[in-house]
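Subject: Handover of a structure and its computed features

Dear colleague,

Please find below the structure that I am handing over to you.

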Amino acid sequence: MWYYLCMNKEKYFVEKLLQWYQLHGRSLPWRDTTDTYHIVVSEVMSQQTQVARVIEKYHEWIEAFPTLESLAEASQADVLILWKGLGYNSRALRLQQLAKVLVKDYEGKFPQTYDELLKLPGIGPYTAGAVYVFGLKKSTSFVDTNIKRILHRVFDSHELFGWTRTDKEIAVLAKEIYPKQHAYNYHQALMDLGATICQARKPNCEHCPVQEVCITAKEIKANPMILKEKRTPYTTSREPFKETRRFLRGKVVDYLREHTRGDLEDICHYINGYYPDYDKEKLISVMSDLVKEGILNQRSDEYLL
């Protein structure tokens with residue numbers, strides 16, 4: 001068994017992962033559709049947002065904007081109002097911009113090649129790969145934060161001293177080992193493993209289907225305190241959320257969702273109710289950025305979505 005694992009580590013990893021997915025894969029609404037647009041919505045919503053929150057908003061979004069055409073024709077205010085609760089409002093506007101481009105230049109259809117997908121607004125290498133595999137049911141490899149973490153932990157170095165492979169080298173590894181005939185299930189399995197077992201701060205190695213070939217699992221078993229003793233590449237110190245620009249951005253947009261329009265004094269009063277010690281100069285800078293990004297419109301002294 002030991003000799004087999006040493007000689008066929010990649011093959012064992014893929015086989016065990018696919019077997020595990022068949023038994024434990026999550027039931028998610030966007031896995032039950034063949035509509036590429038709906039799958040793209042789920043991918044954009046899932047970026048830096050917990051799946052439980054995404055599921056509810058996904059259903060609301062698809063009911064309101066069931067097609068690319070309906071999203072392209074919607075008002076920006078309606079799009080941002082419906083996005084409430086997901087954060088990072090610029091994602092909603094990029095999604096609408098994507099819909100407008102597809103309707104105008106592609107007859108409301110997604111391009112069928114990876115390179116063409118990359119040319120679309122708001123589509124980077126990961127999203128292009130996800131659309132290509134999950135939406136178009138074609139075969140390629142792609143890497144996001146979860147996949148990168150798993151491949152590092154299994155094939156690279158360890159939690160104690162950090163990783164030895166670069167992101168580019170991990171991307172090459174991902175391309176070498178992914179099963180071309182099972183790209184859909186394989187990448188869905190990686191997503192599920194990263195979300196439920198191989199989590200950033202609390203990996204559940206005892207229940208991991210690939211623990212036999214995972215370098216990091218062996219280290220954690222030998223020293224269960226290793227993740228607490230040493231900061232991993234996924235543990236960072238953060239400033240209090242209410243002091244961040246993201247908090248202020250969210251509250252400005254929340255106010256305008258509720259009140260349609262308002263001036264600086266109105267918005268300051270609103271934010272003061274949540275955080276009296278906020279930095280007004282930072283708020284003014286944030287609002288300026290929101291206007292430049294097209295999330296807010298400024299008319300004289302008033303702001304609106």
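The model is predicted, and local features need pLDDT of at least 70, side-chain atom pairs count only at pLDDT 80 or more, and totals for chains, interfaces and linings use all residues. Residues are numbered from 1 along each chain as its sequence is written, and side-chain values use heavy atoms, with hydrogens and water left out.

Helix contacts

Helices (H or I, at least four residues) and strands (E, at least two) are DSSP runs, numbered from the N terminus. Axes are lines fitted to C-alpha atoms, for helices over the stretch in contact, and angles run from 0 to 180 degrees between N-to-C directions.

Helix α10 (residues 145-155) and helix α2 (residues 9-24) have axes that come within 12 Å and cross at roughly 135 degrees. That makes α2 oblique to α10 (angles under 35 degrees count as roughly parallel, over 145 as roughly antiparallel, 65 to 115 as roughly perpendicular and the rest as oblique). In this contact (heavy atoms within 4.5 Å), Lys9, Glu10 and Phe13 of α2 meet Ile150, Leu151, Val154 and Phe155 of α10. By class, the contact of α2 with α10 has five nonpolar, no polar and two charged residues. Here Ala, Val, Leu, Ile, Met, Phe, Trp, Tyr, Cys and Pro count as nonpolar, Asp, Glu, Lys and Arg as charged, and the others, Gly among them, as polar.

Helix α11 (residues 167-177) also meets α10: their axes come within 10 Å and cross at roughly 85 degrees. The two helices α10 and α11 are therefore roughly perpendicular to each other. From α10, Lys148, Leu151, His152 and Phe155 meet Asp167, Ile170, Leu173, Ala174 and Ile177 of α11. This contact of α10 with α11 has six nonpolar, one polar and two charged residues.

Cavity and pockets

On a 1 Å grid over the protein atoms alone, a cavity is a set of points where a 1.4 Å probe fits but cannot get out, and a pocket is an open set with protein on both sides within 12 Å along at least five of seven lines; lining residues have an atom within 4 Å of a point. Grid points are joined across faces, edges and corners, and a volume is the space filled by probe spheres set on the points.

One cavity of 30 Å³ or more is found in the whole structure. The largest cavity has a volume of about 100 Å³. Its lining has 15 residues, of which Arg153, Cys198, Cys205, Cys208 and Cys214 lie nearest the centre. The elements giving two or more residues to this lining are α10 and α13 (215-222).

The largest pocket holds about 1400 Å³ of space. Of its 35 lining residues, Ser46, Gln48, Thr49, Gln50 and Asn146 lie nearest the centre. Helix α12 gives the most to this lining, with four residues.

The second largest pocket has a volume of about 370 Å³. Its lining has 18 residues, and the closest to the centre are Gly87, Tyr88, Asn89, Arg246 and Gly250. The largest share of that lining, seven residues, comes from α15.

Backbone angles

Thr260 lies in the loop between α15 (245-259) and β1 (261-263), and its phi is near 70 degrees, a positive value in a residue other than glycine. Ser300, in the loop between β2 (297-299) and β3 (302-304), has a phi near 60 degrees, a positive value in a residue other than glycine.

Yours sincerely
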